[in-house]
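Biologist: Please walk me through this model, one feature at a time.

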Amino acid sequence: MDQNALKKAVADAALAKILPHLDEKSVIGVGTGSTANFFIDALAAYKTHFDGTVASSDATAERLKKHGIPVYDLNGVGTFDFYIDGADESNAHLHLIKGGGAALTREKIVAACAKTFICIADESKWVDVLGAFPLPVEVIPMARSHVARELVKLGGDPVYREGVKTDNGNIILDVHNMRITDPVTLEKAINNIVGVVTNGLFAMRPADVLLLGTAAGVKEIVAG
Ligand code: 5RP
């Protein structure tokens, strides 16, 4: 099975998991990236089964709207049952690295408002220790050099993601060469650097369920 087939399989599995719980008042949080796009495309066939969505990026909002799926401002929605999104890495605690698509801040906000965060990923994202994927950090542009120096003090090797501006008008530093054995502590430490908007560790609010696409089928993993 190629990687796209695995991504589609987990997107379909997430849809099958939430469909029985949807009604005309349901709002669904929708993530960003190629795996989330498979979910959006599958969701379109069921758009009469729920009220609408909140989107974790402009790109996701645009794709949802193209399918005729309503997209709401999160401020008017409050909390909702499900957030479905991909990840760049997951460990067995369902601590994640996210932000490969630069949408980490809005993803973290939408995840914070969801009762259940269902992460969908192919098996290449499963790791023992987080950090082989460079950790994205969203930074206020004028703080770039200051934040980079502070990230070096934390043991990382920050690299400016050239040519990328987030939906919030900020820049991304990708932190290489981190072996993240205590994701909760590192998430807090990076968020405490002045000029950081947020970082791509989802450890304080991990996923609740991981649907992992493998050659042997979709595995459902809950945080251990
Ligand atoms: C975007 C993200 C994505 O969820 C992550 O990069 C995974 O993307 P893909 O599903 O394309 O592998 O965090 O900011």
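Modeller: Begin with methionine 142, in the loop between strand S7 (135-139) and helix H5 (144-153). Helices (H or I, at least four residues) and strands (E, at least two) are DSSP runs, numbered from the N terminus. Residues are numbered from 1 along each chain as its sequence is written, and the model is a predicted one, in which local features need pLDDT of at least 70, side-chain atom pairs count only at pLDDT 80 or more, and totals for chains, interfaces and linings use all residues. Side-chain values use heavy atoms, with hydrogens and water left out.

Biologist: Is methionine 142 buried or exposed?

Modeller: Buried means under 20% relative accessible area, exposed over 50%, and partly exposed in between (1.4 Å probe, protein chains only). Methionine 142 has a relative accessible area of 80%, so it is exposed.

Biologist: Which residues make a nonpolar surface patch?

Modeller: Patches are made of residues with over 30% relative accessible area and no salt bridge; like charges are joined within 9 Å, and nonpolar side chains (Val, Leu, Ile, Met, Phe, Trp, Tyr) within 5 Å. The areas come from the Shrake-Rupley method with a 1.4 Å probe, and for residues only the protein chains shown count as cover. Here Ile140, Met142 and Val197 make a nonpolar patch of about 310 Å².

Biologist: How do I read the sides of a helix?

Modeller: An α-helix has 3.6 residues a turn, so residues three or four places apart point the same way. In H5, the buried residues include Val147, Ala148 and Leu151. They lie on the same side of H5 because they cover an arc of only 105° around the axis, the arc being that of the directions from the helix axis to the C-beta atoms. Arg149 and Lys153, on the other side of H5, are exposed.

Biologist: What do the buried residues of H5 pack against?

Modeller: They pack against S7, strand S8 (157-160), strand S9 (171-176), helix H6 (183-191) and strand S10 (196-199); contact means heavy atoms within 4.5 Å. Just after H5, glycine 155 has a positive phi of about 100°.

Biologist: How many salt bridges does the structure hold?

Modeller: Side chains of opposite charge can pair when their charged atoms come close. A salt bridge is a side-chain nitrogen of Lys or Arg within 4 Å of a carboxyl oxygen of Asp or Glu. The structure holds 12 of them. One joins lysine 66 and glutamate 62 (3.9 Å, N to O), which are four residues apart in helix H3 (residues 58-66) and therefore separated by about one helical turn. Another joins glutamate 150 and lysine 153, with the closest N and O atoms 2.9 Å apart. That pair is three residues apart in H5, so about one helical turn separates glutamate 150 from lysine 153. Glutamate 150 is partly exposed at 22%, and lysine 153 is exposed at 65%.

Biologist: Are lysine 98 and glutamate 107 buried or exposed?

Modeller: Lysine 98 is buried at 2% relative accessibility, and glutamate 107 is buried at 3%. Their side chains meet in a salt bridge (3.2 Å, N to O). Asp85, Lys98 and Glu107 are linked in a network of salt bridges.

Biologist: What does leucine 104 touch?

Modeller: Leucine 104 lies in helix H4 (residues 104-112) and is buried, at 0% relative accessible area. Not counting residues up to four places away in sequence, leucine 104 touches several residues, among them Lys98, Val137, Ile172, Thr198 and Phe202. The C-alpha atoms of leucine 104 and threonine 198 are 7.5 Å apart, with the two residues 94 residues apart along the chain.
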